[in-house]
Amino acid sequence: MVEPLKKPPKKNPQKRTVLPTLPPFARSRRALAFTAAAAEGRFVLQRCADCESVCYPAREICPKCWSPALRWDDMPDGGQMIAETTLRTSINTYFRERMPWRIGTVQLDAGPSVLAHIHGDVNERSRVRVIARTDKSGQGVMIALPEKETPNMADDRQLRTLTCDPKFRRVLITDGRTELGQAAAKAMVDAGASIIFVGIAESWRPYPGKEALGALPGVEILPLDITDTISVQELAGEIGGKTDILINTAEHVRPGASMERDGVVTARDEMEVNYFGLLRLIQAFGPGMRARGADGDNSACAWVNLLSVYALSNWSAYGTTSASQAAAYSLSQCLRAEMAGSGVKVVNILFGPLDESWRQPLPPPKVTPERLARTVAETLQQGIETVALGPVAEDVMRRFKEDPLVLERELSQIQLG
Amino acid sequence: MSKSNRLLNELGTALLAGDIDTVDLTHTLDPDFPVMILPPEFGQCARFRVEEVSRYDDRGPAWYWRNFSCGEHTGTHFDAPVHWISGKDLPDAAVDSIPPEAFVGPVCVLDCSRESAADEDFLLTPEFIEAWESKHDTIPEQSWVLMRTDWSRRSGAEYLNMREDGAHTPGPNSDAMQFLIDERNIRGFGTETVGTDAGQATHLSPPYPAHYLLHGANRYGLQCLANLDKVPPTGAILVCPPLKIKHGSGSPLRVLALVDRRPA
Amino acid sequence: MSIGDKRQRQAYDGIVVAAPVSVPYERYSPEPAHWWLARALSGLGSASGVSPSDVDGLCVSSFTLFPDTAVGLTQHFGLTPRWLDHIPTGGASGVIALRKAARAVQSGDAGIVACIAGDTNHVDSFRAMLTSFSRFSQDASYPYGSGGPNGSFALMTQDYMHQYGVQKKHFGKLCVAQRSNALHYPDALMKTPLTMEQYMSARQIADPIVLFDCVMPCAGAEAFLVMHEDQAKDMKLPFARILSTIERHNAYPDDPVQTRGGWSLDKDELWEQSGVTPADVSLLQTYDDYPVVIAMQFEDLGFCEKGDAGAFIAEHTFTFDGSFPHNTSGGQLSVGQAGAAGGYLGLVEAIRQLTGAAQQNAVADAEIAAVSGFGMINFDRGLCSAAAILARQE
C-alpha cells in the first residue's frame, strides 16, 4: 500500500536545487493526438471507422484492413495486467534519478496491449484502470491504476509525476478581492496546500470577504497588483522561490463590442489585467518556477490560467474582453512551450459564463466561483491541463474542435437578451 | 535698478539666505497611491504606472529610463475648469490655456484638522471661514485657499476611507464654495483628500459643489496635497504649474509653498 | 493468407557460404562504423584472396553508418557491384543477408557477394541509438522508463516464465554455458568464468532480468562470402552448403506479450527443405540478446515442444564439447553485442565450425549447423525471425 505523503522538510540551504530533467519528449505527429487528449484527461486510441478495430501505437492506416479512416475515440479504461517489471537502470537521466520504476504490459479491454506506468497499489496480473495524462515532458502517457480506490492513492510517487496535487504545496492566488479568488483560496485549503499566498491589489480599497479570507488556515495576504510591474516584481522577489502553484484568478471583464467602446481605455484596462497582467506574472514568476520543476515533493508543478471560453472564439457581447482573453490564451500557449523542459504544467481552465456581477445579465447555465475553484483543485489533483467548465464552455469547446470557422459564425448569431 | 528688479532681487537673496522655506506639498507618484473611485461601470482614473525602458543593460547600456503612465487626475494633481461639465465652455479653462500667473500666488490655509479628526465627514461652512477670518483677516482676492485636514498623514484604506456607502472624507459644503467664489473671489481651492469635494459630496446640492461651483466659475482645484501643517495660515506663496497638456482637464504636478521663516 | 502463392520453394543447390571473418570486438571504439566494416571487408580479402574487382555483390547491415548507406560504401570501398542490398533487420540480418545473397548468386545476378555487418560503439552512441530507434518505440515504449530492450525483454521474460514454468536457474544455465564456451573463443570480451552462484545472486536490472542476462554493447564487425560451389572450389575455399532458410516479420501481432517468434510459423518448411531433422543438428547458434529468446528458439524451431524449454535446458550442457553445442563462441552474452554484427555472430561462427576454421572451441564432427536470428524491438517485441540450416562441404 502506498505510504501517505509526508510534509516535505524545509529546504536545506546548502544543497543545490535539483534541476529538472525530462522523460522522453519525442513523439510522432500522429501520436500528438494522444497527448492532446491526455492533456484533457481523456484516454483515446485510434479506431478504424471501417472495421472497428482499435490499434496502438499510432498508425497511418488500419493494420487489419488498411483503411485510412482512423479516428481517435475515447476508450474504455479497463484492462488486465499481463506482465510487469521493475526497472532498475535506465539510459534516460530522468528515470535514472527515479529508479526503481515499475512498468507493465496491460491488455486493454479496448483491444490492444500497451506498455504503461504502474501505480504502486496495482497487484500482479490484476484488473486495472488505465488513464492517460501528460508526463513531465508534456507528452501523453498511460498509467495503470488499481481498479478500486486505495488509501493514499494520489500519493503514489509514479502517479505524482503526472499530477500537480496541491497537497503540501505553496500556492499563489493572484487576486483575492473577488469571490473567485476567495473560493480558490478555500479550495486550496481543502486540498491540503501548506501555504496559500493571496494577492490583494489596492489594499486602500475595501473588499467583501476580507475577514473570512484572512481567517483561512495557511492563507497569507500579500500586496499584488498585476497591472503594476513593480508590484509583481516585488512579490516575486519575496515568494517567487517558493511558489509551487500559481493560480491566476485576476480578470477584467466588461460587456461590449468594439463599436460600443468610445476609445480604448476600457479595452486597455482589459488588456492590462488579462494579457499584460499574465505577461508580468510570467516574467516575474516563470523563471523561478521553471527552475524548481524537480525540487522535491513540493516542487513547482503548475501554472493555472482561468480564462473565459470565448478566448477560443470571440463573442461580440463581450467583444473586447474576449479579444484580451484570446491574447491571454495565446500567451498561455507560449508559456506552455516555455515551460516544456521544466515539468511545470500550464493548466487552462476555460469556463462558461461565471456567476459574478459583470456577467449578471447573462442567462443560466452559469458557473459559480465555488465550482470553478473546486475544478481548479480537482484539475490539479488529476494532472489535467485543459478543461472546459460548464455546459456553455463544453459546448463551445466541442464546436471549436469540430470547426473553429463554423464556431465563429455561430457565435456571431448569439445576441444578448 | 527698476522696482521689479529690486523685488525679485530681494526674493532671490531671501531664498538663498534660507529666509524663505520651500515646502513640498506633493505626494510621491507611487503606483499604490489611492485614486478617486467611481462606480465601476464608469471610466476610472488610471493609476500611476512605470515600465522600465532600459537600465544600463541590453535595452540601453549606459542609461536608465522608464515610461510612466497615469491619468490627468492621478496623485497630487491640478483640476482645470474644463474637468467639470459646469466649466466645459469657459475660456482659457484647460491646463494649456490657463494664464500662467494663476499658478503662482498667495495662499491661505484653513486649519480644519481638529474638526476633521472629530468628524470624518466634516464640512467646511461659511461660518467656519468667517470665524477663521476673524482670527487671520479676510481672505484676499485671487488667493489660493487650502483646506488643512491632516488627511495626508493617513495611508492605505484610512486615506480613502471607503465604506459600502462610499468615501467618508471632509470637504466644503455648497455654501462655503459659493461664499469663497462670490464673496472672496478666490483663485482656487485645494485639499489633502483625494478630491476637492467631501467623500459624501454626491449627496450635497449641487452634488460635488467644489467641482461644480468652482470650475463653473473658472476657478482651479488642487488635491492630494501634503504638508499643509508646514504652511502658515496666511502670507505664503503657492507655486503650482501643471503640465502643459493640450486641452488637459488637469495634471499631476509638483506643488510648492514659499514660506517666510523670519519672525513677523 | 487466402491468395498466397502455394508453389514449392526452390532449393539452394550449389550455393555455398565461405570465408568467415570476425573483427575482434572492442567495448568502446572511437572509430566510425565505416572503419569496422572496412576491416571486415579486408578480412574477407585475406581469408579468401578476393580483390575489390572480384566482388560483384555487396550486402551491408549497420545501425551507426549514418549518414551513409550501402551505396556510399561502394565508392568508399572501391567496389563496382551489380547487386547491392542494405538489410536493416538487426539480429536477423545475418541469415536474411545469407538467403538474399544466395538467391542473387543462384539466379546469376551476382557471382561473389560480400556480406558485411558492423557497428561502432562510442561512449554515448548506444543511448543515442535507443532514443531514436523506431517511431513506435519513441511513441509507445521509450517514454515508459527508457529501459531500452531490458524493459521489453523483462516483460516478455516475466510472462514467459509465468506461462511455461521456466525458471531463473534454466536461464542461468544457458548463460553459464555460453561463458564457458567464450573462454575458448579468444575474441570474446568476457574473459572470466561465470558460476551459477554468481548468476543467481546477480544484480537485478529489470525484474526478472539480471545483469548476466544482458548483452554488453560493443564495437565489432563480421563478414562472409556467398558464391557458387564451383567458384569456391576454383578458389580452393572451404565452404558450407545452404540447406534451407526461413524468414518472417511481425508474426503473431495480436499476442499481448511476445512468448513465441515467427519461427514456429515456418519451422516445418525449414526442416522439410533442409532434408534433415532437429536431431541431426551438430550445433545451434541462436540469437541470444536475452536467455528468454534462446528458450523461445529451442521451442519454436522444434528442438523441443512449446513449454518444454525448461526440461530441455536441464537435459543438456550446451557447451561446445558437451551435449547440444550451442552458441559455441559464447554468443553475444559473452562475446559482446556489436550492433548489427550481433545478427552475424552466430552465422559466422557456424561457418567456422563447418569449415574447420574453429579453433579451441571446435565442435567435434560438426556436420549440420542450425543458425537462427531475431531482431528489431520496434515497440514491445522482436519483429524479425529467421533461420538457416547449413551443412559441411561433403
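This is a predicted model: local features need pLDDT of at least 70, side-chain atom pairs count only at pLDDT 80 or more; totals for chains, interfaces and linings use all residues.
Chain A is built from eleven helices and 15 strands. Its C-alpha atoms fill a box of roughly 65 × 60 × 30 Å, taken along the principal axes. The radius of gyration of chain A is 22 Å, which agrees with the value near 22 Å for a compact globule of 417 residues. Of the 417 residues in chain A, 51% are buried. Contacts in chain A also reach across the sequence. Among those with a separation of 6 or more, 68% link residues 24 or more positions apart.

One sheet of chain A can be traced strand by strand. The sheet is open and has three strands, in the order S2-S1-S3, with antiparallel pairing. Strand S2 (54–55) and strand S3 (70–74) of chain A are the edge strands, and each of them pairs on one side only. Strand S1 of chain A covers residues 44–48. Five bridges join S1(A) to S3(A), and the two strands run antiparallel. A:Leu45 stands opposite A:Asp73 in S3(A).

The nonpolar cores come next. The largest nonpolar core has 246 residues. Within this core, A:Leu350 and C:Leu390 have the most contacts. Helix H7 of chain A, residues 265–291, supplies the largest share of the core, with ten residues. A second core is separate and holds 60 residues. B:Val107, B:Leu110, B:Ala167 and B:Val194 are included in this second core.

The surroundings of A:Leu350 can be listed, leaving aside residues up to four places away in sequence.

Two pairs of chains are in contact, and chains A and C share the most contacts. Chain B and chain C do not touch. The nearest C-alpha atoms of chain B and chain C are 38 Å apart.

Where chains A and C meet, 34 residues of chain A are in contact with 30 residues of chain C. Three elements of chain A give two or more residues to the side that touches chain C: strand S4 (78–87), strand S5 (101–108) and strand S6 (113–118). S4(A) gives the most to this side, with six residues. By class, the side of chain A that touches chain C has 18 nonpolar residues, twelve polar residues and four charged residues.

Chain C is assigned two domains. Domain 1 of chain C spans 15–124 + 220–234, and domain 2 of chain C spans 146–217 + 240–392. The centres of the two domains, taken over C-alpha atoms, are separated by 23 Å. The contact takes 33 residues from domain 1 of chain C and 39 residues from domain 2 of chain C.

Several elements build the side of domain 1 of chain C that touches domain 2 of chain C. Strand S1 (15–26), helix H3 (93–107), strand S4 (113–119) and strand S7 (219–228) of chain C each supply at least two residues of this side. S1(C) gives the most, with nine residues. The residues on this side of domain 1 of chain C divide into 17 nonpolar, twelve polar and four charged.

Methods
Residues are numbered from 1 along each chain as its sequence is written. Chains are lettered from A and ligands numbered from 1 in the order in which they are written. Two residues are in contact if their C-beta atoms, placed from the backbone, lie within 7 Å. Helices (H or I, at least four residues) and strands (E, at least two) are DSSP runs, numbered from the N terminus. Ala, Val, Leu, Ile, Met, Phe, Trp, Tyr, Cys and Pro count as nonpolar, Asp, Glu, Lys and Arg as charged, and the others, Gly among them, as polar. A nonpolar core is a set of buried Ala, Val, Leu, Ile, Met, Phe, Trp, Tyr and Cys residues joined through C-beta atoms within 7 Å. A residue is buried if 20 or more other C-beta atoms lie within 10 Å of its own, exposed if 12 or fewer, and partly exposed in between; C-beta atoms are placed from the backbone. Domain bounds come from an automatic or database domain assignment. The radius of gyration is taken over C-alpha atoms; the globule rule is 2.2 Å times the number of residues to the power 0.38. Two strands pair if DSSP finds at least two bridges between them.
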